[in-house]
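Subject: Handing over a structure

Hello,

Please find below the structure I promised to pass on to you. Have a look at it first, and then read on for what was found in it.

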Amino acid sequence: MLDHIRAGAKGHGSCPAGTNNRDLSFDFAKGILITLVIIGHLLQYLIYQGTDAFWLSPYFKSIYMFHMPLFMAISGYLSSGAILRKSFTQGVGERAMQLLLPMLFWCTLIWTLKSAVIFPTKSLTDTLLDLSTEVIGTYWFIWAAFISFVLIRVLTTFNRLSMWIISASAIAVAFAPITLSITPLLKYTYPFYCLGFLFAQPIGWQNGVIWRYKSIFVVLFSIAAFICFLGWGKETYAYNNLVLIHDEQSAKQVFLMFSGSLAASAVAMQSMFQCWRLVYSTRVARFVAVQLGQSTLLLYLVQGAVFRLMDLIQFGEVWNLATRIAFATVLGVAIVVIAMAIRSIARNLGYVSRIVVGAPPRPSLLKSQSVIN
């Protein structure tokens, strides 16, 4: 995010964060990131299905080094207005309606479909346990984003000291010796949410240091990202090291994870903004920004449901690499098409839109409903 606040916002189709007009350059970045999320899961669940080879795949590694940390940084940046301008009750309530309500709907849908196929013989206790696993584990990123929003909102109540307290909280959360459930993933992504939020604030050092030496920072981050890429291994992922330091080797892996993700995220963000300024007028760029970038929540929900339901598919020897790649391509396109269709239909169904898509109904529909009522 080194370039956007000053130079990136000057690109066509963009406007500074905090204004009423939507910033399409951020939507473009989000569209690319959600595409990488889908590709990463296709690699894991299809291309390398049945093996652990995906951990060492250069394609998987290049995606997972930055896609979720950068998503969290962008979320923190774009959420700063809601955090600072709205009351705690209003801000948290709206964020819960936006994130948790549709997540519960899609988790229930996944659980219902899987129950109809593989759960009939299970006890009620096991069935409810499976439901809780779906709610917590399938969409862990939504929980991480929501919890990060709540934590930052609480910490901003300390007024002038809030920026220092938020910075300290990022370190405290990252190195907390807790590994319960999705806690390691929260520990990994929360510091990036804090970083995004802090970059949205009018702090003097941004204008005085970072922007003045932006090119140097980009080169240094690029070198650091490449070095970290070479050293990145299976134990560097938060899923495996649990962001837990207990000896010298684990400390090395955790440090490599955070430093590599930070450097790769900075380089990726800069590259996306540069790309947007070059291709903003093309149909492909507009599709990525408007259709994909403004539907990231729905795309995340749909792809999560698809990949969880793929547990029901048995892959045999007939599924060679060429077949898997072809099927992965078709499935990736299908996920996008299904999500776009759901978005188009749900937005015209009143408050069904909030439950399924996480977006408010169309203004025209709300107005017509108020007239009828």
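To begin with the surface, the protein exposes about 18,300 Å², and carbon and sulfur atoms supply 67% of that area. Please keep in mind that this is a predicted model. Of the 373 residues in the protein, 47% are buried, and the secondary structure consists of 18 helices and 0 strands. If you take the contacts with a separation of 6 or more, 76% of them are between residues 24 or more positions apart.

At the start of H13, a side-chain oxygen of Asp-247 comes to within 3.2 Å of the backbone nitrogen of Gln-249.

Next come the salt bridges, of which the structure holds 5. One of them pairs Lys-234 with Asp-52, and the closest N and O atoms of this pair are 3.9 Å apart. Lys-234 is partly exposed, with a relative accessible area of 35%.

Which residue forms a salt bridge with Lys-114? The partner is Glu-134, and the closest N and O atoms are 3.4 Å apart. Because Glu-134 lies in helix H6 (residues 124–138) and Lys-114 in helix H5 (residues 88–118), the pair ties together parts that are 20 residues apart in sequence. Glu-134 is buried, with a relative accessible area of 3%, and Lys-114 is buried as well, with a relative accessible area of 5%.

Glu-134 also forms a salt bridge with Arg-308, where the closest N and O atoms are 2.9 Å apart. This pair links distant parts of the chain, since Arg-308 belongs to helix H15 (residues 296–309) and Glu-134 to helix H6, 174 residues apart. Arg-308 has a relative accessibility of 22% and therefore counts as partly exposed, because buried means under 20%. Through salt bridges that share partners, Lys-114, Glu-134 and Arg-308 are joined into one network.

Note on methods. Residues numbered from 1 in each chain as written. Predicted model: local features only at pLDDT ≥ 70, side-chain atom pairs only at ≥ 80, totals over all residues. Heavy atoms only, no water. Helix = DSSP H or I, 4+ residues; strand = E, 2+ residues; numbered from the N terminus. Buried < 20%, exposed > 50% of the residue type's maximum accessible area, 1.4 Å probe, protein only. Contact = heavy atoms within 4.5 Å. Areas by Shrake-Rupley, 256 points an atom, 1.4 Å probe, with all protein chains shown as cover. Polar contact = N/O pair within 3.5 Å; in protein donor to acceptor, adjacent residues only side chain to side chain. Salt bridge = Lys/Arg side-chain N within 4 Å of Asp/Glu carboxyl O.
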